[in-house]
Every structure is written in structure tokens, then in C-alpha cells.
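Here is a short note for a colleague opening this structure for the first time. The points can be read one at a time with the structure in view.

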Amino acid sequence: MLTSRTFLKRTRAGAVVKVVREHYLREDIPCGAGGCRLCPPRPAGPGLGLQAQPSGAASSLCPGPHYLLPDTNLLLHQKEIESGKIIFPEHIPLSKLQQGIKSGIYLQGTYRASRDNYLEATVWVHGDAEENKEIIIQGLKHLNRAVHEDIVAVELLTKDEWVAPSSLVLQDDGQNEDDIENEEEKENILKSSVNKDMLRPTGKIVGIIKRNWRPFCGMLSKSQIKEARRHLFTPADRRIPRIRIETRQADTLEGQRIIVAIDGWPRNSRYPNGHFVKSLGSAGDKETETEVLLLEHDVPHQPFSQNVLSFLPKMPWSITEQDMKYREDLRHLHVCSVDPPGCTDIDDALHCRELENGNIEVGVHIADVSHFIRPGNALDEESAKRGTTVYLCEKRIDMVPELLSSNLCSLRSNVDRLAFSCIWEMNHKAEILKTRFTKSIINSKASLTYAEAQMRIDSAAMNDDITTSLRGLNKLAKILKKKRIDNGALTLSSPEVRFHMDSETHDPIDLQTKELKETNSMVEEFMLLANVSVAQKIYDEFPEFALLRKHPAPPPSNYDILVKAAKSKNLEIKTDSAKALAESLDKAESPEFPYLNTLLRILATRCMMQAVYFCSGMDNDFHHYGLASPIYTHFTSPIRRYADIIVHRLLAVAIGADSTYPELTDKHKLADMCKNLNYRHKMAQYAQRSSVAFHTQLFFKNKGVVNEDAYILFVRKNAVVVLIPKYGLEGTVFFEEKDKPKPRLEYNDEVLSLTVEGRTLHVFDKVKVNVTLDASNIQHQKIRMVLVEPQIPGSDVPANLSTEISSKNEPEKKKKKLQK
């Protein structure tokens, strides 16, 4: 980074004068102490006089940053930059932007860069107006130096300048950073052959209201020029532009994952300027890659501080008489838990028994985490900040310390545990006659996996109390599920994968899609029912500050891809309501193509909006679209979701089991908390997907080359996106590659097809792909898929196809039931 700095210097006569060094180079790299050539004497703070140079062994480190005296090369280089060609329009000053937003000339929104096309982005406009909610930005000049998640000001273009969302997959290879003409050529391709019906509100960025720059993880793309100091840094997140940095350490940093911060983005520079912050370790190393994905998704993963741990109960811990005072003793009930294998943070358990009056009692018992985490202390604040537990393929980043998550709060079998119970009296038609909530003490009689619970239900030889309870629960769950679906609840699909790890190397040795059993659905039904019952109770009690969860209905345009895809198979999907969608998905069957229904449900999942937490006093739309429920919240997983802890506190006050505290009745604070919880929840999902993507790469690295059956999910202008059901793996097969002859491509967005050299590929076509790991680019190693069948005419070995692994794969999350 070239800039100037003022130094204090003492003359021989003893006077202190200011010396301005016009050009210096900043290097945020520690260096050996003792005569460090990069470190001239620096002022020792506000006092006069110079800081002495460090002395001693070369192993001790000089703290930097380092300043170089001006040299001719740097001065020449500075002039070269100053006389560079202007690429971007000037940003309008903030004061004028604010006036323009007020008067409606400009719109304010969040800038979201595309993962697939670096020349395209969208701006989500802030405010309630539905019109122009999402504005497309296309082309370098219109993107005008905005970075993903910046708050920007947009000027709408006239309707004759509107464009359509691009179906082109374009990734910035960054080979020649100054080749602006090449960029213009790509921009023209974006605008060619656009269907008028697809045009959307389009704009250009006129100014930045708030930068969202953070330190970015990635790798150095070393300059080809010998002894060059200027290099490009390629961020791990494709939505972030490359960053130009100055460093003398390129040889050392090559092949390392590093962190870089942006300093600024001049109008005459294709990329922003930044500086190196620190190295994380070798690329491809499991520890390093896990650190990268946690940092990139802003997952708080540092060990819990001593201050936080000081608020944990002292061991050995046991339930006291005082704890029993306001609790119901339910230890006599045949309670059991049902979870995925290896689960140690067990936060829910169930029981079912017949009552003397012939009705059935069903109880959902949830770990009473709020007993241990009291409002306002350091443990509470840390849990609130983390917001959720993050499940990666190999490890878990806990929201609460392990003493609680895997021990005192975990409802393990044969130990007394504190719980918060929701108990219903039902008839045999699963109709609720009475509901009550109570703080309780339970003793679980069995900790079962889904498979073990299923085996008990199916076994004619087993008739013990736990098995009888499970059969009763399963029978009622089927009735509850049918009722939900009749009301219009959606049953969607998402390929979930499970890795089998080598016990020594911890590398994945097998990868398969997760099989769901009846017992998965059984547990899910009662968790949903408990969440609905609690939502109604806390809302009745606190209409202004209940923490609820809603799932907005998608805008009709979201369904275009689903409707067209179904139409291509002569099926009709109705989307005017959740019930209409659910019913048409149920009817969308094809005897000769049994997997078609699953593919349609996967597509329907992609059309959905994100479910979010909100404060009841700050919103008037409570409806949960996917569950077809008028009200919903999260109550059943307080070990791993902070929202549930707040809901427990509200419910405890509602039933007189605890007293309230000021922040619980402050709807503005609750709304801010919801904002953080929604962000943390979304980041956790993305981190989990990245973990699956990385482990999938490891799996194929060890497996070598395989040919697998796949289905086309999406058709693009120059590629098709395919899904391999066996692995729940999604990837993109490209039909154009650099330095290879371009095939003839004809894209039809009406029938969703792509014709390559006369061979037409449709959405949902079954194909065969060759799958390998392409490790040629260590920064973005990718699963490479090559079309084997149908073979494209004129191509003996279709080696000019490549793919990038999609991050849309879901990991095996603990209990999918609770992510709704």
C-alpha cells in the first residue's frame, strides 16, 4: 500500500523537526529483530526522541508494520497508477445520497453478489414496498466497486435498459486484471437473446452508504513477473472480488490460506487494494480448511473464556430440595429419547401412556437449559452471541459449554434431569383435549437411535413399557402428520448426506444419502406440536413480546422454474397456496420415472423463502407457510438454539414458574436479538454445507474416478446442473472451456433445454457423468463432472467439461425436524 507518513526526527542541534516520507510500503508481516532492514526508527509515542531499534536474537519478532524509504520503482509505479484509465464512475457523496433516497431518486438496499456470475448482482431494497424489491445490477461499471453485503444506493435505469437475470455461469479467472475489453465482450453476451418476459427492474450503484468489509480468507495468486511486489489475492468466497496486495513474502505465502483486509478501491483499479493480515496454514490441511470455513461464515468458535465458565454449576452437581420445590416429579414415567447415532446433546425426550379414562397422555420433555443459564451473566451473553450450535462433518461448535451440552442438560438415560414438559391429554384420533406445561424432573429409561426405536416398534417379540410407549407415539404421529398435510403443510425434499469416517485418519471412506425412518417422522410430529402449543401459550400471555418463528410465502415469480420444469414433463403445479402446491406435488407422479417426484420436491425447496425469528409486537404476519400453521416458535432445542432459551423464559413466566426481567419485555431488544439469531442460523447452515463440500472433495480424492447416474436439475446457457442421487451431490457440467473450440449451444428458457452440437438436454433428463476431483487450482479444488451419456457429437472424450461442487448439499444435521 503506497501512502505517506510523518515522522519526528531530532537534528544534531537537538531540535525536533517533522519529516514527511511521501512513499512507503506497508508489510504486515513480522520480521526478525536486530537490525531489521524494513524498520527505520519510529517515534516512541507522544514524547520526543526516537524509539530504539530492537536488539537481540534473530528469533525475536519486530511488531511491524514496516516502512520503506522511497525508491525509484515505487515512485514510478505510483505515477503509473495515478495516470491509469478510469474504469468506474465516481461515487456520489453520502450527504447527496441521503437527500436522493429521501426524495426517491435513489433506493437504498443490501448488495448481494452472485456466486455464479461475477458480472451480476442483486440489491435487496430496504422498506415495505413490494415493487422493485429486488433490483438486478449487471456489468462492471454498474456494479461500481460494491462488495457483497455492502449497503448501497441504487439508481433505477429506464425500462428500455432493463435486463433479465443471466443464465450464464461466469467466473472471474483474473488472468489479466487490466483486460477491460474482454469484460465488455462478456457483458455483451449477458445481454444477448433475452426474452422480454424475463426482464426485471435493473439499476446501477451510484454510491456506498455503508461498507461491510471484513477480513477475507483465501490464497495468493502470485504474479508471473519475477520479484514483483504486487500480487492478486483470491478470496475463498467467490462473491468477493480479487484483492490487489503488496508483499515481499509471496514465495512464503504461496500455497497458504491467508487473511487479507481491503483498504480501498480506486476508480482506476479493476480490483480493490488491500493488505496481508495473517497466515492460517497450508491449503488442503483439514485443520486449516475448517478454520477457514468457520472464519468465512463468521462462526464464533474460540474456547469459552474463564469468565463464561465461572457461571457453570460446581461439580459434583445434583438436584437439590430447592430445585424440587416448584417442579413436578415425573421420574416414574417411561420416558425415552430418540436421536441420530452418537448424539450427546440430547435435548428432547417423549412418553406416551393410556389414562384410566381411556384417553392418552403424551409428554414432550425438553432439557431445562434456562435453569442453568440466568439472564444477563457472561454465560448468557456468550450463548446469545453464538445463537446456535454449528454441526460440521467432524466436529460440533457448541453454543453452550460442554458441561451443559453433553452432561447436565443432556437428557441421558438412567440419570435424573431437570426438564420443561409439555403434556397433552388426547383421544385416540389425536385430538387435543387438554394441554399443560410444567417444570419437571425426569429420568429417561432409554437413549435410542432412530434405527433402534424403529426395530422395537417393528419387533413382535418386544412388549415392554418403552416399546409400548413408542408404538402409541408412532400411531398418533401418523394421524397428526395426515392432519398437517390435509391442512396444506408441505413435504419437501433435500438430499442429505452421511459420511462414514476412517477411525484413524478421520478421512471420509463412504458417502451416502441419509435414509429417513418412520421414527424420524414420529419425533418430528411431536416436536412440531410442542412448538405450536408453546407459541400459542406465550402469545396469549405476551402478545407484544413473544418470540415467534414465521415462514413467509414465496413471491409467485419464485415458482417459475418449478412450474416450467413440471410442464416439460406434462405435469401441472399449482402455486396459488401452500395447500394447492402440496396437492399438485402429491399428484405429480410418473410410473415410468419414479424419481421425478423427488426432483420436483427438491426444486420446490429451492423456491422457498428463509424461515425467520421475529417479535410478535413488531410484526403482524405470523403464518408459517411450510407447516401451514397460523403460529409457530422454537421450544424443543434449547441446548443448541438460543431462541428456545428465550421461549423457555417466557413460558416459565407465563405459568408462574419464574419471574420476568426487564429485557424480556423490551420488544426493540427482542427484535435486535432476532436479527442476530437469524444471521447466526443462516451462517451455521452455510458453514455446514461448506463442511460437506470439503469432505466430499476428500472422499473423491481418495476414491479416484467414478461414473454415476445423475439427473439434470437446472439448465443454464452454457452449462447444466446435475444431481447424483447416490451421493446427494450436485455439480455443474460446463460446455465451454478456455483455449478450446466453443461448441454450438442453443438455450431455450421456455422448455428449459440446452442443445449442444445438436444433442438436446432437458431438465430432469437422466444422464451419466464421470466424477473426479480436479485439484489443479488448490484455492478452488472442485469436483469435476464430465458428461459420459449422452455423448456430445464430435467429442470422443468430452474432457472439455468441468464442474464445481455445489454448496447446496445439506450435512446430516441433528434432527432435521427442528430446522423448520
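1. Start with a loop residue. Asp298 lies in the loop between helix H6 (286-296) and H7. Its phi is positive, about 55°, although Asp298 is not a glycine. Most residues other than glycine have a negative phi. Asp298 counts as partly exposed, at 37% relative accessibility. Keep in mind throughout that this is a predicted model.

2. Glu149 also has a positive phi, near 75°, and is a residue other than glycine. Look for Glu149 in the loop between helix H3 (140-143) and strand E8 (151-156). With a relative accessible area of 26%, Glu149 is partly exposed.

3. Next, the overall picture. The chain has 820 residues, and 52% of them count as buried. Its secondary structure comes to 18 helices and 35 strands. Take the contacts between residues at least 6 apart in sequence: 70% of these join residues at least 24 apart.

4. Two cis peptide bonds deserve a look. Most peptide bonds are trans. The bond that joins Met315 and Pro316 is cis, with omega about -5°. Pro316 sits in the loop between helix H7 (306-309) and helix H8 (321-324). The bond from Glu789 to Pro790 is cis too, with omega near -5°. Pro790 falls in the segment after strand E35 (782-789).

5. How do helices H11 and H13 cross? The axes of H11 (residues 450-458) and H13 (residues 518-541) come within 8 Å and cross at roughly 100°. That makes H11 roughly perpendicular to H13. From H11, the contact uses Tyr450, Ala453, Gln454 and Ile457. From H13 come Glu518, Thr519, Asn520, Met522 and Val523. By class, the contact has five nonpolar, three polar and one charged residues.

6. Now the aromatic rings. The structure holds nine aromatic pairs. One of them joins Phe420 and Phe635, edge-to-face, at 5.9 Å centre to centre and 75° between the planes. This pair links distant parts of the chain, 215 residues apart. Phe420 is in strand E21 (residues 416-426). Phe635 is in the loop between strand E27 (612-615) and helix H17 (642-654). Buried or exposed, these two residues? Phe420 is buried, and so is Phe635.

7. Phe699 and Phe700 form another pair. Their ring centres are 5.1 Å apart and their planes are at 75°, so the pair is edge-to-face. Both Phe699 and Phe700 are buried.

8. Rings also gather in a cluster: ring pairs link Tyr539, Phe614 and Phe622. Lys550 lies over the face of Phe614, at 5.5 Å from the ring centre. Arg549 lies over the face of Tyr613, at 4.6 Å from the ring centre.

9. Which residues of helix H15 are buried? In H15 (residues 578-587), they are Ala578, Ala580, Leu581, Ala582, Ser584 and Leu585. The buried residues of H15 pack against helix H14 (560-567) and helix H16 (596-607).

10. Ser469 lies in helix H12 (residues 465-486). Ser469 is buried, with a relative accessible area of 2%. Leave aside its neighbours within four places in sequence, and Ser469 is in contact with His334, His351 and Cys352.

11. Pro272 is in the loop between strand E13 (256-264) and strand E14 (273-282). Its relative accessible area is 0%, so Pro272 is buried. Not counting residues up to four places away in sequence, Pro272 touches Pro241, Arg242, Ile243, Arg244, Ile262, Gly264 and Trp265. Its C-alpha atom is separated by 8.8 Å from that of Ile245, which is 27 residues apart along the chain.

12. Finish with Lys204, found in strand E9 (residues 203-210). Lys204 is partly exposed, with a relative accessible area of 29%. Beyond residues up to four places away in sequence, Lys204 touches Ile137, His142, Ala153, Val154, Glu155 and Leu157.

Conventions: Residues are numbered from 1 along each chain as its sequence is written. This is a predicted model: local features need pLDDT of at least 70, side-chain atom pairs count only at pLDDT 80 or more; totals for chains, interfaces and linings use all residues. Side-chain values use heavy atoms; hydrogens and water are left out. Axes are lines fitted to C-alpha atoms, for helices over the stretch in contact, and angles run from 0 to 180 degrees between N-to-C directions. Helices (H or I, at least four residues) and strands (E, at least two) are DSSP runs, numbered from the N terminus. Angles under 35 degrees count as roughly parallel, over 145 as roughly antiparallel, 65 to 115 as roughly perpendicular and the rest as oblique. Contact means heavy atoms within 4.5 Å. Ala, Val, Leu, Ile, Met, Phe, Trp, Tyr, Cys and Pro count as nonpolar, Asp, Glu, Lys and Arg as charged, and the others, Gly among them, as polar. Rings of Phe, Tyr and Trp (its six-membered ring) pair if their centres lie within 6.5 Å; planes under 30 degrees apart count as stacked, over 60 as edge-to-face and the rest as tilted. Buried means under 20% relative accessible area, exposed over 50%, partly exposed in between (1.4 Å probe, protein chains only). A charge sits over a ring if NZ of Lys or CZ of Arg is within 6 Å of the ring centre and within 35 degrees of the ring normal.
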